[in-house]
Amino acid sequence: MLDKIIVDADFCLKLGGSEKYLFLFEVLPLIAHEIYMHRHAFGEVRYPASASKQLSDLISIGKVRIVDQSTLSPVDRAVYDMSFQALKRVMINPLKPNKNRGEACSLAYAKATGIPIFATDEAHLQPIIDSLLNTGIDDITCLRIRNVVEMIRDGEIDLPRKYAKALWRIAYNNENVTNANDIFDREIWPL
């Protein structure tokens, strides 16, 4: 189990996308002891309703803590502001100012507070983090759904293969990944 993570909206949407399987509610608390989510990213989790409900339930029982920069110390706030501005220049299009804002806010908060893991399923985000934020001090690594499934496979999260495969299929069903079963069986967790 990881010490602490900050979670992105897309991660919650993919894990929470099923009415039948409560993957977000059941699995997220098994990943880390402390789970944070930036208020802006939280506002992005509206649909599907199952993801919003599971996330709200996790917040109500104290498993996920909503945070923002308003409570940071002056020093941490300066780190947040510098990090956010660096990310904004690369990630946020002025014509679509809310696109990627949740990721930028979350990453800036993680950098300012020393949260080492960003749970996201954005495939091309790690190189941006490496070039703009990671200096060797309080570096941030992306945790993707594939990594969670590998944690299950490797026994770091005590769930059966069948559960991991269902989680994988639900997460990528909405992404139109037509060979999700094959990828799981061939690359991630061969029989």
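**Whole chain.** Start with the overall size. A compact globule of 191 residues would have a radius of gyration near 16 Å, and this chain has 16 Å, so the two agree. Keep in mind that the model is predicted. Along the principal axes, the C-alpha atoms fill a box of roughly 50 × 35 × 35 Å.

Now colour by secondary structure. The chain holds 10 helices and five strands. Switch to a surface view next. Of the 191 residues, 45% are buried. Then think about contacts between residues with a separation of 6 or more. Of these, 70% join residues 24 or more positions apart.

**First stop: H2 and H4.** Select residues 23-31 for helix H2 and residues 49-60 for helix H4. At what angle do H2 and H4 pack? The angle is about 40°, and the axes are 8 Å apart. That makes H2 oblique to H4. The crossing of H2 past H4 is right-handed.

Show the side chains where they meet. On the H2 side, pick Phe23, Leu24, Phe25, Leu28 and Pro29. On the H4 side, pick Ala51, Gln54, Leu55, Asp57 and Leu58. Sorted by class, this contact has eight nonpolar residues, one polar and one charged.

**Second stop: H5 and H6.** Select residues 74-91 for helix H5. H5 and H6 pack at about 145°, with axes 8 Å apart. H5 also passes H6 in a right-handed crossing.

Bring up the side chains here too. H5 contributes Asp76, Val79, Tyr80, Ser83, Phe84, Leu87 and Met91. From H6, the residues include Arg101, Glu103, Ala104, Cys105 and Leu107. Further residues of H6 in this contact include Ala108, Tyr109, Lys111 and Ala112. By class, the contact of H5 with H6 has 11 nonpolar, one polar and four charged residues.

**Last stop: alanine 104.** Is alanine 104 buried or exposed? Its relative accessible area is 0%, so alanine 104 is buried.

Which residues touch alanine 104, leaving aside its neighbours within four places in sequence? They are Phe84, Leu87, Met91 and Ile92. Phe84, Leu87 and Met91 are also on the H5 side of the contact with H6.

Finish with a distance. Pick the C-alpha atoms of alanine 104 and aspartate 8. These residues are 96 apart along the chain, yet their C-alpha atoms are separated by 9.9 Å.

Technical notes
Residues are numbered from 1 along each chain as its sequence is written. This is a predicted model: local features need pLDDT of at least 70, side-chain atom pairs count only at pLDDT 80 or more; totals for chains, interfaces and linings use all residues. Side-chain values use heavy atoms; hydrogens and water are left out. Axes are lines fitted to C-alpha atoms, for helices over the stretch in contact, and angles run from 0 to 180 degrees between N-to-C directions. Helices (H or I, at least four residues) and strands (E, at least two) are DSSP runs, numbered from the N terminus. Angles under 35 degrees count as roughly parallel, over 145 as roughly antiparallel, 65 to 115 as roughly perpendicular and the rest as oblique. A crossing is left-handed if the near helix is turned anticlockwise from the far one by less than a right angle, and right-handed if clockwise. Contact means heavy atoms within 4.5 Å. Ala, Val, Leu, Ile, Met, Phe, Trp, Tyr, Cys and Pro count as nonpolar, Asp, Glu, Lys and Arg as charged, and the others, Gly among them, as polar. The radius of gyration is taken over C-alpha atoms; the globule rule is 2.2 Å times the number of residues to the power 0.38. Buried means under 20% relative accessible area, exposed over 50%, partly exposed in between (1.4 Å probe, protein chains only).
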